[in-house]
Amino acid sequence: MACNSCTTGKDGQPKGCKNNGTCGTDSCNKLTVFDWLANMSLPNGQEPFIGVEVRFKNGRKQYYKNTENLTLSIGDIVATQAKSGHDIGMVTLTGELVRVQMKRKKVDINDGENVLKIYRKASQRDIDVWSKSRDKEEAMKVKARQFAIDLKLKMKISDIEYQGDGSKATFYYTAEERVDFRELIKVFAREFRTRIEMRQVGFRQEAARLGGIGSCGRELCCSTWLTDFRSVSTSAARYQQLSLNPLKLAGQCGKLKCCLNYELDAYLEALKAFPKNDTKLYTEKGTAVCQKTDIFKGLMWYAYEGEWMNWHIITTDQANEIIAKNKKKEKVASLEEYAADHIQDTKTEFENVVGQDSLTRFDSPKSKKKRKNNRKRNKNPNRKRNQKQNAKKN
């Protein structure tokens, strides 16, 4: 999906608005919310909710109070209150659905420190100052990274966000350890001539701000719809029987992929029917140890101690039945009795998926006459010499 500003450039390639999905004019917004209450009217006597959701750069959203009773709609650019000066943002949600969003995120509309107010709709002068400040951010980011390298600070400046009035610049950075950037702030203030604010973000928050394409071929979940970042452990990969390869399990942020938690509950629910892998089966033939499990098919592979190459397939119900008998100090004869029904035929039959005809049926047949004539000529090496002598005589 694209918006009106994502026009076509040279050679038919998309030009794009270069806002990484945060242009705000149509459906390519990050973390956008569909206002399904927009067509519904309020009951008689009920005043509209004064809360408004406003989005800033890279999907950052805050809630404000519309104390001036402005007529606002989605997509309007407004001037909002800030701790010093004012900021410029874009309205992304109005009406009763804002009340639901604020309740879900546990934001109180009467909190004067966190919920500020909207001054007015942005004028053309406000938009010009805002656009001019945004144009400085990329060049500033290159210089800021070089200053951090010169001071030998173990940190990475991922992004810079100017306030709407251009009076303050917020530097977002990531770091493994605590960083003393007091000297760095002095260098920034002397070079950029503006108020500086340093804000540390996590690696997942950095990936959400920058965006990108994941290994699945789709946009990153954290930059499109995922709002809460839950901790992901390697046990989630073990439960799903995934290989513990850091290159495959890590996302673009360098941490474990958030999608490892998506199907974890289903795997944990399915594993309740499986006995533990370290539980041994005692039979008259010998002691069997679990080698492999198949969660989807509900099968388990066991091998006798000393015969590790011969695996026997049984179901989870059969394994639980044998374990229940072992607890009563009873032994079954062997696993072969249970595994007889699960012996798989390893014979492979190949089929011609394109039909019974040959793939070369449309090729023109090669002529064999020319080849035979060449063979006859090669058998008589004196033929050319005799022809020359006969030509001289004539």
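I take contact to mean heavy atoms within 4.5 Å. This is a predicted model, where local features need pLDDT of at least 70, side-chain atom pairs count only at pLDDT 80 or more, and totals for chains, interfaces and linings use all residues. Residues are numbered from 1 along each chain as its sequence is written, and side-chain values use heavy atoms, leaving out hydrogens and water.

**Entry 1: Met155.** I asked which residues Met155 touches, not counting those up to four places away in sequence. I found Ala148, Tyr173, Thr174, Ala175, Val179, Leu184 and Met198.

**Entry 2: the core.** A nonpolar core is a set of buried Ala, Val, Leu, Ile, Met, Phe, Trp, Tyr and Cys residues joined through side-chain atoms within 4.5 Å. Buried means under 20% relative accessible area, exposed over 50%, and partly exposed in between (1.4 Å probe, protein chains only). The largest such core has 21 residues, and Met155 is among those with the most contacts inside it, along with Phe171, Leu184, Phe188 and Met198. Apart from it I noted another core of 15 residues, including Leu281 and Tyr302.

**Entry 3: helix α3.** Helices (H or I, at least four residues) and strands (E, at least two) are DSSP runs, numbered from the N terminus. In α3, I see Leu184, Val187, Phe188 and Phe192 buried. They lie on the same side of α3 because they cover an arc of only 105 degrees around the axis, taken from the directions from the helix axis to the C-beta atoms. On the other side, Arg182, Lys186 and Arg190 are exposed. The buried residues of α3 pack against α2, β6, β7 and β8.
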